[in-house]
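Dear colleague,

Please find below the structure that I am handing over to you, with its sequence. My notes on the side chains follow it.

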Amino acid sequence: MTTQEIVAKLWNLCNVLRDDGITYHQYVTELTYILFLKMAKETGAEKSIPAAYRWDVLTQHRGLALKKYYKELLEHLGSDTTGRIQEIYAGASTSIDEPKNLEKIITSIDELDWFSAKEEGLGNLYEGLLEKNANEKKSGAGQYFTPRPLIDVMTRLIKPQVGERCNDPACGTFGFMIAADQYVRDHADNYETLTQDMANFEVKEAFTGCELVHDTHRLALMNAMLHGIECPIYLGDTLSNFGKRLKGYDVVLTNPPFGTKKGGERATRDDFTYMTSNKQLNFLQHIYRSLKADGKARAAVVLPDNVLFADGDGQAIRRDLMEKCDLHTILRLPTGIFYAQGVKTNVLFFTRGASDQGNTKEVWFYDLRTNMPSFGKTHPLSREDFTDFIAAYEAPDRHAVTDERWHCYTREEIAAKDDSLDLGLIKDDSIIDYEDLPDPAESAAAASQALREAATLLDEVAAELQTAKEE
């Protein structure tokens, strides 16, 4: 049985819970509590779970006794344990009211082909569930799930290295850091050639994150654990003073949440230079301030279009970004790849300078939005959609690239446009450019002249025919 087939079976169990009024997102959270116990048994990691609350004990209960025991288990693991177990079960409660439904889920999970699941990777199985949840519009989970092809492309171009500290300040289910860890593993023989100290650093310190929503934080912890990552994942608000501790990073990869803070209030960070209620602008400030000022620390960030053209604080923050960092590339993303279909987004790639002034000389734009197919369930985003962009990005001489979607603007040209970065979009073939149409009066005059010339030609032909007839 493949991972995809197991994910489908687990997902279909959600139908069992419909009568309990449980949403898809609640189901994935509930599934996390149960899967953790089963996966701990399958991987031999049960030693950190109290003996009275392990998988084999759970499967022995039935009916009302099961419901009572399960509630007791959640409360005990969330309050009387330590480490990752306590983090995952902190504040846990069940939404399953019918004991038969709970029993059905536990039995169905126990009967799955766990040998195949382990062969393909339990982390891949869990990520498949998270992706399924994000793609189910009713769950509303797509707000924090970035498409895997985009994550992989951003990670590949940023190239995290052994020994670097990587962070996602709005980590959702931890997808970016899992991709960063996998990239480093792939280029370091799965850490087997590293010294013990360096291998420990990679597993326990290199890939960190912060998440505001408790249930999402729980999913991130589980996801990290199943991928062999033991690094800190904080439950907190990056845009509060809590976020001041998140600094000194070599790499930041992230897709911050869209929108404004509730009630339009400004961020509570007292170290931001520009105070605004725009969450994305605040996250952008945080990100470039959190990078090491060594000329090598770098970031790739998904941000909506308004960040590129917002005036006032938006203009000031863009200017500050281009002073402190080399904002070398902006990818204009296609529409329809996120939960909010109408949101237009971009990826900003930048490197923190060693000084705080004059780091951006020119910005390259790649338009992957205009004249592109509509993305969605019927046409999901794929790695192949980024092939031409990757080629342009990695070209030894960017000025030699002939792709019509690839444009460069100097810092002076951007300044002349009031530091707007809403640039680089090519002509849309579906839109009539009325400026290029001929003047109506000129068109009428040209048509009239053409008619006169045609009439004259006809007269000449008629005269020639008459002459030939007479001869």
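A salt bridge is taken here as a side-chain nitrogen of Lys or Arg within 4 Å of a carboxyl oxygen of Asp or Glu. The model is a predicted one, in which local features need pLDDT of at least 70 and side-chain atom pairs count only at pLDDT 80 or more, whereas totals for chains, interfaces and linings use all residues. Residues are numbered from 1 along each chain as its sequence is written, and side-chain values use heavy atoms, with hydrogens and water left out.

**Salt bridges**

The structure holds 25 salt bridges. One of them joins Asp97 to Lys67, with the closest N and O atoms 3.2 Å apart. This pair links distant parts of the chain, 30 residues apart: Asp97 is in the loop between helix H5 (83–89) and helix H6 (99–110), and Lys67 is in helix H4 (residues 63–79). Helices (H or I, at least four residues) and strands (E, at least two) are DSSP runs, numbered from the N terminus. For accessibility, buried means under 20% relative accessible area, exposed over 50%, and partly exposed in between, with a 1.4 Å probe and protein chains only. Asp97 counts as exposed because its relative accessibility is 51%, while Lys67, at 18%, counts as buried.

A further salt bridge is formed by Asp270 and Lys244, whose closest N and O atoms are 2.9 Å apart. Asp270 lies in the loop between strand S4 (251–254) and helix H13 (279–290), and Lys244 in the loop between strand S3 (233–235) and S4, so the pair ties together parts that are 26 residues apart in sequence. Asp270 is exposed, at 56% relative accessible area, and Lys244 is partly exposed, at 32%.

Asp320 and Lys324 also form a salt bridge, their closest N and O atoms being 2.5 Å apart. Because they are four residues apart in helix H15 (residues 313–324), about one helical turn separates them. Asp320 is buried, with a relative accessible area of 13%, and Lys324 is buried too, with 17%.

**Nonpolar cores**

A nonpolar core is a set of buried Ala, Val, Leu, Ile, Met, Phe, Trp, Tyr and Cys residues joined through side-chain atoms within 4.5 Å. The largest has 97 residues, and those with the most contacts inside it are Leu10, Tyr27, Tyr89, Ile109, Leu150 and Phe349. Helix H2 (residues 24–42) gives the most to this core, namely 11 residues. Apart from this core lies another, of 28 residues, which includes Leu308, Ile317, Ile414 and Leu423.

Contact means heavy atoms within 4.5 Å. Not counting residues up to four places away in sequence, Leu150 touches Val302, Leu333, Ile337, Phe338, Val347, Leu381 and Phe386.

Rings of Phe, Tyr and Trp (its six-membered ring) pair if their centres lie within 6.5 Å; planes under 30 degrees apart count as stacked, over 60 as edge-to-face and the rest as tilted. There are 12 aromatic pairs in the structure. Among them is the tilted pair of Tyr366 and Trp406, at 6.0 Å centre to centre and with 50 degrees between the planes. Tyr366 belongs to strand S8 (residues 362–367) and Trp406 to strand S9 (residues 406–410), so that distant parts of the chain, 40 residues apart, are linked. Both residues, Tyr366 and Trp406, are buried. One aromatic cluster is formed by Phe349, Trp364, Tyr366, Phe389, Tyr393 and Trp406.

The charged end of Arg398 sits over the ring of Tyr393, 4.9 Å from its centre; the rule requires NZ of Lys or CZ of Arg within 6 Å of the ring centre and within 35 degrees of the ring normal. His328, in strand S6 (residues 325–332), is buried, with a relative accessible area of 15%. Leaving out residues up to four places away in sequence, His328 touches Phe349, Phe350, Thr351, Glu362, Val363, Trp364, Tyr393 and Arg398.

**Cysteines**

A disulfide is a pair of cysteine sulfur atoms within 2.5 Å, and by this rule the count is zero. Cys171 is in no disulfide, the nearest cysteine sulfur being that of Cys210, 6.9 Å away. That distance is too far for a bond. Cys171 is buried at 4% relative accessibility, and Cys210 is buried at 1%.

Yours sincerely
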